[in-house]
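Morning, everyone. Let's look at the aromatic rings in this one.

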Amino acid sequence: METEQLPREDEDRSAYAGVLRYYELAKRAEWQVRELPWGNAPPIPEYKGSPEKLARRRDLWRSVIMQQLQADMFAVEMASQLLGAAPHVEARLYYTTMVQDESRHTEAWLKLVEAAGGRAERDPYLDELVRFTLDAETIEEKVFLMQVFYERLIIPRFRMIARASRGTVLEDLCNRLTVDDGIHHSSGVAYERILLQRSGERTKRQLIEGANRMLPIFVQHALWRPKAREVIGRMMYDTDVRMLRDDIEAGVRLAKSFGLDVSDVRLPF
């Protein structure tokens with residue numbers, strides 16, 4: 001990876017204004033885990049019914065929380081990697097806030113999963129995506145996968161979880177994460193444009209080749225459900241496939257907006 005490039009006094013850095021704007025926005029949006037309504041709201045939705053029904057509902061919500069915990073533990077690693085890899089000082093300033101965000105998110109999920117009854121089943125395909133993204137060779141590929149693609153698609157999921165968990169700590173947390181991840185995604189789009197304007201065709205081709213290798217794993221991740229959500233997963237299959245198709249098509253449109261040749265992208269449906 002390149003080393004950090006300190007700007008010269010006479011150098012025009014106006015291209016990085018967007019990245020710096022998200023740095024300032026992220027600092028203003030920062031919150032603390034203690035501000036969540038611990039003790040004043042239930043951690044997850046509460047229900048009435050038999051002990052068996054209550055246990056199933058609790059397991060369902062534990063599985064939802066576990067998947068988000070797993071994702072944000074990965075996000076801490078990825079944000080730290082981006083902080084070390086970014087060659088521009090403005091981007092490094094921004095990534096200091098992203099590392100803090102992802103660490104705070106993980107802290108909140110850890111506390112919430114214990115309040116909900118403990119950890120649940122891990123998503124094996126998410127672990128594969130983690131390794132794939134961490135092992136990507138170029139910063140252009142890392143920023144595209146992490147911020148441009150993954151961070152964008154999680155935002156509507158957080159909104160769905162929040163709507164289904166009104167009046168809970170989980171709702172409050174998801175509403176906060178929607179804001180944070182919106183900043184992460186937008187800053188990534190701004191920085192990726194700068195990176196790709198300065199990249200050669202080999203780097204751009206490598207990004208598309210990496211996307212083709214990633215997409216089949218992503219499809220498995222998007223459609224995977226733990227045992228606690230198998231029944232709901234079968235009921236929601238058509239909706240999940242539609243959302244998956246929308247996610248991938250949005251990613252292709254974003255890639256086109258960066259001037260990437262996506263004619264070789266193999267859509268897995």
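**Aromatic pairs and ring contacts**

The count comes to 6 aromatic pairs. Keep in mind that this is a predicted model. I'll take two of the pairs.

Start with Phe74 and Tyr150. They form an edge-to-face pair. The ring centres are 6.4 Å apart, and the planes make an angle of 70 degrees. Where do the two residues lie? Phe74 is in helix 2, residues 51-85, and Tyr150 is in helix 5, residues 139-164. So this pair ties together parts that are 76 residues apart in sequence.

Buried or exposed: which is Phe74? Buried, at 7% relative accessible area. Tyr150 also counts as buried, with a relative accessibility of 11%.

Next pair: Phe149 and Phe218. This one is edge-to-face too, 5.0 Å centre to centre, with 65 degrees between the planes. Phe149 lies in helix 5. Phe218 lies in helix 7, residues 201-223. The pair therefore ties together parts 69 residues apart in sequence. Both Phe149 and Phe218 are buried.

Now put the pairs together. Which residues form one aromatic cluster? Phe74, Phe149, Tyr150 and Phe218. Helix 5 carries Tyr150 and Phe149.

Last item: charges over rings. Arg57 places its charged end over the ring of Tyr47, 4.7 Å from the ring centre. Arg104 does likewise with Trp31: its charged end sits over that ring, 4.9 Å from the centre.

To recap: one cluster of Phe74, Phe149, Tyr150 and Phe218, with Arg57 over Tyr47 and Arg104 over Trp31. Thanks.

Methods: Residues numbered from 1 in each chain as written. Predicted model: local features only at pLDDT ≥ 70, side-chain atom pairs only at ≥ 80, totals over all residues. Heavy atoms only, no water. Phe/Tyr/Trp six-rings, centres within 6.5 Å; stacked < 30°, edge-to-face > 60°. Helix = DSSP H or I, 4+ residues; strand = E, 2+ residues; numbered from the N terminus. Buried < 20%, exposed > 50% of the residue type's maximum accessible area, 1.4 Å probe, protein only. Lys NZ or Arg CZ within 6 Å of the ring centre and 35° of its normal.
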